[in-house]
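Have a look at the picture first.

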Number of protein chains: 2
Amino acid sequence: MTIENISRNKSFGGWHKQYSHRSSSLNCDMRFAIYLPPQTLAGEKVPVLYWLSGLTCSDENFMQKAGAQRIAAELGIAIVAPDTSPRGDDVADDPDSYDLGKGAGFYVNATQAPWQQHYRMYDYVVSELPALIEELFPVTGQRAIAGHSMGGHGALTIAMHNPDRYSSVSAFSPICNPMTSPWGVKALTSYLGGRDQWLQYDASELMKTATEFVPALVDQGKDDQFFEAELKPDTLSAAAKTSGYPLQLQLHEGYDHSYYFIASFIEQHLRFHAGYLKTNGDTA
Amino acid sequence: MTIENISRNKSFGGWHKQYSHRSSSLNCDMRFAIYLPPQTLAGEKVPVLYWLSGLTCSDENFMQKAGAQRIAAELGIAIVAPDTSPRGDDVADDPDSYDLGKGAGFYVNATQAPWQQHYRMYDYVVSELPALIEELFPVTGQRAIAGHSMGGHGALTIAMHNPDRYSSVSAFSPICNPMTSPWGVKALTSYLGGRDQWLQYDASELMKTATEFVPALVDQGKDDQFFEAELKPDTLSAAAKTSGYPLQLQLHEGYDHSYYFIASFIEQHLRFHAGYLKTNGDTA
């Protein structure tokens, strides 16, 4: 397994680094970012929080704008931020859409042409990337997962499918019920075809029938312009009540969909994950 | 005085807002950003930290990447971030240079054609913008000033020319001696003409002969790629020794010129300024 270091910046006593590597899941070259807290410089292995970004983002948005490194440095947690889709000239795209194709992988394994050749972000995030990180960096096998908007959808669905692999999950402004949102319907139709394939990628549908639980924290701004049409936190809340899912949903007056919202509450999310990462052993 | 609100985002209980207005100093429309901490929502007036950004930046970089709002909210300090040059289709530019023209105003009053019609960032930052802020927002007359790289040069020179207007000054990776750096020589030649006009805009030259002091904090990464050729912190340090200037210069192993460096130490800068803003009355 070879990866290439393409940037490094010292940050809060640790290191922010970007790497490129050939992804076998996605059949293209990919870039990711990792924050290694200062504890790793002293030889310590630390747990990892995977962060999944939203539509139009790359590995850079969270690392530059969320202000997470300060708390990750204090708590001794590494953060890994993958890109949001496969990339490259030979990767299918819908250049007129910000919500389909490059920058909009939706963390699914596509089955429909022309997407199925590269758009397998679910496999990349769940299996290939953690295997690479755990082979090449000073980390334990303990994992948490979080994300924003499309990435919040990704984090919730991935955690619910893999309760043995993640200690905890959190999301900011997640797409909670993509089967009924314009963003979700467009992406799921294109990547998966018929509606019978959509259930497996809908956080509210999965949560309603869940029997194995991952502690979950969701924050949502009440002035988010996508609140009603795209995000639907009430649907997720109702689903959690049905199954008894350990979901903590917090609504915040005045906050919107931006990184100014994420930055305001990221500290709570990191401390939430730290509580579970410290008390659990390695996950599967 | 009319200004137009063009964006707002709730942030750490306060508000980040962008405004556009017609600048009489710069003879063009300008955009700036302001962070109003939660204390202002309760009717309190707060002091202001002016932040001057570096080459290629706008009003957005610091607000998005530095993570300053968390501490400003705690301390009750507003932050104002102007753009780095005049803007607009009729403003002179050097489109092939990132270090001259738009995005590179160097916080001087230009005297040479074609720059002198719009490039008067010194007057804008020292006089016009504070007058506007203090008329229209819930702030006191207490001011501090800080900046990065070209903006660190701007903050230091502006504070030294106006010790009655600023309680304290700080800088990350400032251009300390622009008369001897490639960035500085290019800009000062274009904007001001002959070398006899440069001294007034050189922080090391001003500090060497200063008799009125503004408490000053400077942080510099030792792995900054511009350390030797462009920034020259040793020159500033020597100048401070000559005049007895109250300069605290901190060098940091491993840190570079990026916002990852600024974010790592911005808390110290805000607490430094808060100490002087709280103990002083209104400045002139």
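## Where the chains meet

Between chain A and chain B there are eleven residue pairs in polar contact. Keep in mind that this is a predicted model. On the side of chain A that touches chain B, the elements giving two or more residues are β1 (3-11), β2 (14-23), α1 (60-65), α2 (69-75) and α9 (259-279). The largest share, five residues, comes from α9(A).

How many salt bridges cross the interface of chain A and chain B? The rule finds zero.

The size of an interface is often given as the accessible area lost when the parts come together. Here, chain A and chain B bury about 1,900 Å² between them, with 49% of it on carbon and sulfur atoms. In chain A, the residues that lose the most area to chain B are A:Lys10, A:Gln64 and A:Tyr260, which together make up 36% of what that side buries.

## The sheet in chain A

Now find the open sheet of nine strands in chain A, which has mixed pairing and the order β1-β2-β3-β5-β4-β6-β7-β8-β9. Its edge strands are β1 and β9 (247-252), each pairing on one side only. On average, neighbouring strands are turned by 20° against each other, direction ignored.

At one end of that order, β8 (residues 216-221) and β9 of chain A pair in the parallel sense over six bridges. The bridge partner of A:Gly221 in β9(A) is A:His252. Helix α8 (residues 233-243) of chain A packs on the sheet and touches β8 and β9. The direction of α8(A) makes about 155° with that of β9(A).

Notes: Residues are numbered from 1 along each chain as its sequence is written. Chains are lettered from A and ligands numbered from 1 in the order in which they are written. This is a predicted model: local features need pLDDT of at least 70, side-chain atom pairs count only at pLDDT 80 or more; totals for chains, interfaces and linings use all residues. Side-chain values use heavy atoms; hydrogens and water are left out. Buried area is the accessible area (1.4 Å probe) that two parts lose on being put together, summed over both. A salt bridge is a side-chain nitrogen of Lys or Arg within 4 Å of a carboxyl oxygen of Asp or Glu. A polar contact is a pair of N or O atoms within 3.5 Å; within protein, one must be able to donate a hydrogen and the other to accept it, and residues adjacent in sequence count only if both atoms are side-chain atoms. Helices (H or I, at least four residues) and strands (E, at least two) are DSSP runs, numbered from the N terminus. Two strands pair if DSSP finds at least two bridges between them. Axes are lines fitted to C-alpha atoms, for helices over the stretch in contact, and angles run from 0 to 180 degrees between N-to-C directions. Contact means heavy atoms within 4.5 Å.
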